[in-house]
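Subject: Structure for your review

Dear colleague,

Please find below the sequence and structure that I am handing over to you. My notes on what was found follow it.

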Amino acid sequence: MSGRIPTLERIDGWRWRVPRTGAMRTEGRVFASEAQVADLAGDESLRQVANVACLPGIVGPSIAMPDIHWGYGFPIGGVAAFDPSEGVISPGGVGYDINCGVRLLSVPLGIVDLRPRLAELVDALFGAVPSGVGSARSDLRLTDPQLDRVLAGGAARAVAMGFGRDQDLEAIEAGGRLPEADPGRVSRRARERGRDQLGTLGSGNHFVEVQWVDDLLDATLGEAFGLAPGQVTVLIHTGSRGLGHQVCDDHLDTMLAAARRHGIELPDPQLACAPLGGSEARAYWGAMNAAANFAFANRQLITHHVRRTFGQIYGAGVEAGIELVYDVAHNIAKLEEHEVGGRLRRLCVHRKGATRAFPPGHPELAPRFRDSGQPVLVPGDMGRASFVLAGAPGAAAETFASCCHGAGRRLSRHAAKRAAARRDIRAELEGRGILVRAAGRATVDEEMPEAYKDVAEVVAAVAGAGLAVPVARLRPAAVVKG
Amino acid sequence: MSLARKRYSEAESLAEPAVSHRLLAHTADLRAELEAADLPGLYVAAARLVREALVGESPVAAREERALPAQEGDEAERFFRFVRELVYLFDAEGFLPAAVRLGDPPRLAGERFDPARHVSERQIKAVTRHGYLFERTAAGGGREPGFRVELVFDL
C-alpha cells in the first residue's frame with residue numbers, strides 16, 4: 001500500500017479520470033455514477049487503480065468498474081491490458097480464485113409452479129452440492145491421470161465423464177476449455193487441495209441461487225438467451241477452489257523473484273509480475289489456464305447435480321429441459337484482440353472481478369450469440385436481485401470488452417457481522433419469501449444484503465456508459481450458501 | 001493423554017487466549033493485527049486467528065502432529081510462510097491447529113475438521129502479501145517490546 005489515495009476528475013456522468021502522477025505509466029479510468037464515486041472517497045481501491053497503472057507495458061488506462069472495491073493488489077472490479085512484448089502478467093491481476101465465475105441455468109418452470117416444493121428443493125440442493133468450510137466430495141476423488149484430463153479438458157472433460165451435455169459447451173466462455181492449459185505446471189500441493197473439491201461450492205460469497213425472471217427488460221435479447229417473464233433460473237457462483245488458490249500462491253513467489261530480477265518496481269508485492277515472454281510467465285500461464293479449466297469443470301459438475309436435484313423433485317421432464325444460458329469467468333487473464341488507436345492488437349487482458357462482455361458480431365462468440373452479444377451475468381445480493389446483460393459496442397471501444405461482475409461490497413465482513421449480531425438474517429429473508437440454507441451462520445451474516453451496494457445502481461452505471469445492455473432482472477427465491 | 005498435554009506447554013497451546021488479534025477494516029477480505037511479546041507467542045496468535053476464522057471457538061484437540069516444511073528467508077518471510085502453511089494444511093487435509101512449537105522445523109499439534117464437532121465459519125483461500133507488515137516493536141508508553149503483524153486474508 002503505497003502513495004496517497006488519488007482524487008478523481010469527472011469526464012462525464014459515468015466516467016472519471018485518475019490523473020497520471022508519480023510512477024503511473026498511464027491514467028486510470030473509473031466507470032461510476034456521481035453517488036458511487038462519493039462512496040469511494042478515501043477508499044484504498046482508488047490507490048489500487050493507480051498502482052496497476054504503474055506496471056510495465058500497460059496499454060490504455062487502468063480501468064475500474066462501478067462495483068470497484070478494495071482488493072489485494074488489483075482492485076476488485078479492475079481491468080488492465082498489457083502488450084505481449086513489453087508487458088507483464090500478474091497473478092494478483094487474476095486473483096487466488098482463478099476463473100471464479102458465474103453460470104446461469106434456465107429451468108422450464110414458472111415461479112408459481114416452483115413454490116409449492118421450494119423448501120424440499122433447497123434442502124436437496126444443499127445436500128447435493130457440498131458447501132462451507134472444508135467442503136469436499138465423498139463420491140469423487142480424482143487420481144492424478146483423471147485430474148490431468150480435467151485440467152486439460154475443462155468443462156468438455158466433465159461432459160465426457162457424464163456430467164452434462166455437448167450443447168452446454170456452446171454456452172460457456174471459450175467453450176469451457178482453455179487450450180493453453182499445461183497440467184504439468186500445476187504443483188503437487190495444488191493437486192492435493194483440489195483432488196476432492198471438483199463439484200463443490202466453497203464458502204464466502206459463493207452460492208447456488210434459485211431465482212425467477214421478474215422483469216424482462218429487453219424482450220428480444222431475453223428471447224435470444226432463452227429467458228421469459230416468470231421463468232425460474234439458477235445462478236451458480238464458484239471457481240477453481242483450493243487448486244486455483246494454490247496455483248496463485250505458487251507462482252506469486254516466482255513472480256516476486258522475477259520482478260526483482262527484471263528491475264520492476266512493485267507498488268504492492270501482491271502485484272508481483274513477470275514479462276509476458278519469459279519462463280515465469282509461461283509457467284504461470286500454463287498453470288492458470290489449467291486451473292481455469294478446473295473451474296469450468298467444477299461449475300459443470302454442480303450443474304449436473306442441480307439438474308438431477310430438480311429432476312428428483314419436479315420430474316424428468318424438468319431435468320431434461322434445464323438449459324445452460326451462459327457461463328462466464330470474472331477472475332482471469334486472456335490473450336485477446338482489441339482495437340487500440342485504430343489498430344488491432346493482441347493483448348493480455350487481466351480481469352480481476354470483471355466480466356468479459358463481447359458485443360454483437362464478435363468472432364469469438366458462439367454462433368447463437370453473434371447477433372445478441374455475449375450474455376453478461378451480474379449477481380447482486382441474496383435479498384434483492386441479479387441481472388442479465390448483453391455485451392455492447394461501448395465495452396469493446398473503452399474497456400477491452402469488459403463489464404462489472406457484481407454489486408460490490410459496501411461493508412467489511414467484520415462490520416456486516418456486527419450489524420447482524422442481534423438479528424436473524426436467515427429468518428428475515430425467509431419472511432420475504434427467500435429460503436436460505438448454509439453450512440454456518442457466519443457467511444449468511446457476512447453476506448447479508450446490506451453488505452452489498454445496490455446492484456441495480458451498478459447496472460445503471462454500466463448501461464449508462466454504454467458497456468452493456470440490461471436484458472433481465474432476476475429475483476432470488478432460495479439460496480444455498482457456503 | 002492428548003499430544004498437547006503430553007508434549008506441548010501451556011504457552012504453546014492455543015487453548016488459552018494469552019495472546020491476541022484484532023480485526024481491522026477491509027471491504028472484502030479479512031485484515032487482522034497480531035501482537036505478541038515474543039516470536040512463539042506470535043506464532044500461537046496466528047494459529048488462533050486462522051483457527052477462529054475457520055471454526056470459531058469450537059474446541060480443537062491435539063490428536064495428531066504435523067512437521068512443517070523447512071523455513072526459508074528472514075523472520076518476516078518465515079512467519080508469512082508459516083501462516084500460509086496453516087491455510088494449506090486446512091484446505092488439503094482439514095487440519096486444525098491446537099498447539100504450535102517453534103523449532104527447525106516448526107511443529108503443529110491438532111486434529112482434522114469434523115463437521116459434527118466444529119462450527120463452519122468461513123473458508124480461507126489464502127494469506128496475501130498485500131498490506132503484510134511484520135515489525136519488532138520497541139518498549140515505551142507502558143508497553144513491553146515485542147512483535148506486531150498485519151495480515152490480509154482472501155476469503
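The accessible surface of chain B comes to about 6,500 Å², and 48% of this area belongs to carbon and sulfur atoms; accessible areas come from the Shrake-Rupley method with a 1.4 Å probe, and for residues only the protein chains shown count as cover. Please note that this is a predicted model, in which local features need pLDDT of at least 70 and side-chain atom pairs count only at pLDDT 80 or more, while totals for chains, interfaces and linings use all residues. Residues are numbered from 1 along each chain as its sequence is written, chains are lettered from A and ligands numbered from 1 in the order in which they are written, and side-chain values use heavy atoms, with hydrogens and water left out.

Chain B

Chain B contains 3 helices and 7 strands (DSSP runs numbered from the N terminus, with helices being H or I of at least four residues and strands E of at least two). Read from the N terminus, its elements follow the order α-β-β-α-β-α-β-β-β-β. The radius of gyration of chain B is 15 Å, which agrees with the value near 15 Å for a compact globule of 155 residues (taken over C-alpha atoms; the globule rule is 2.2 Å times the number of residues to the power 0.38). The C-alpha trace of chain B spans about 45 × 35 × 30 Å along its principal axes.

Of the 155 residues in chain B, 59% are buried (under 20% relative accessible area, with exposed over 50% and partly exposed in between, for a 1.4 Å probe and protein chains only). Chain B carries 22 positive and 26 negative side chains, and the centres of the two sets are 3 Å apart (Lys and Arg count as positive, Asp and Glu as negative, and His and the chain ends are not counted; each charge is placed at NZ of Lys, CZ of Arg, CG of Asp or CD of Glu).

Two local features of chain B may interest you. The peptide bond from B:Asp104 to B:Pro105 is cis, with omega near 5°, and B:Pro105 lies in the loop between β4 (95–101) and β5 (107–112) of chain B.

Chain A

Chain A has 15 helices and 19 strands. Its radius of gyration is 21 Å, close to the 23 Å that the globule rule gives for 482 residues, so chain A is as compact as a globular protein of that length. In chain A, 66% of the 482 residues are buried. Where contacts (heavy atoms within 4.5 Å) join residues of chain A at least 6 apart in sequence, 77% of them join residues at least 24 apart.

Helix α2 (residues 44–52) of chain A has 9 of its 9 residues buried, so it is largely enclosed by the rest of the structure. The cover over these buried residues includes β2 (15–18), β3 (28–31), β4 and β5 of chain A, together with β6 (126–137) of chain B. A:Val150, in helix α5 (residues 144–160) of chain A, is also buried, with a relative accessible area of 1%. Leaving aside residues up to four places away in sequence, A:Val150 touches A:Leu142, A:Arg157, A:Met161, A:Leu198, A:Asn293, A:Phe294 and A:Ala297.

Aromatic pairs

Over all chains, the structure holds 10 aromatic pairs. The ring centres of A:Tyr72 and A:Tyr96 are 5.4 Å apart and the planes stand at 45°, so this pair is tilted. A:Tyr72 and A:Tyr96 are both buried. For A:Phe225 and A:Phe369, the ring centres are 6.1 Å apart and the planes are at 65°, so the pair is edge-to-face. Both A:Phe225 and A:Phe369 are buried.

Backbone

A:Ala174 has a positive phi of about 60° although it is not a glycine, and A:Ala174 is partly exposed at 37% relative accessible area. A:Ala401 has a positive phi of about 55°, again without being a glycine, but A:Ala401 is buried at 1% relative accessibility.

With kind regards

Notes. Rings of Phe, Tyr and Trp (its six-membered ring) pair if their centres lie within 6.5 Å; planes under 30 degrees apart count as stacked, over 60 as edge-to-face and the rest as tilted.
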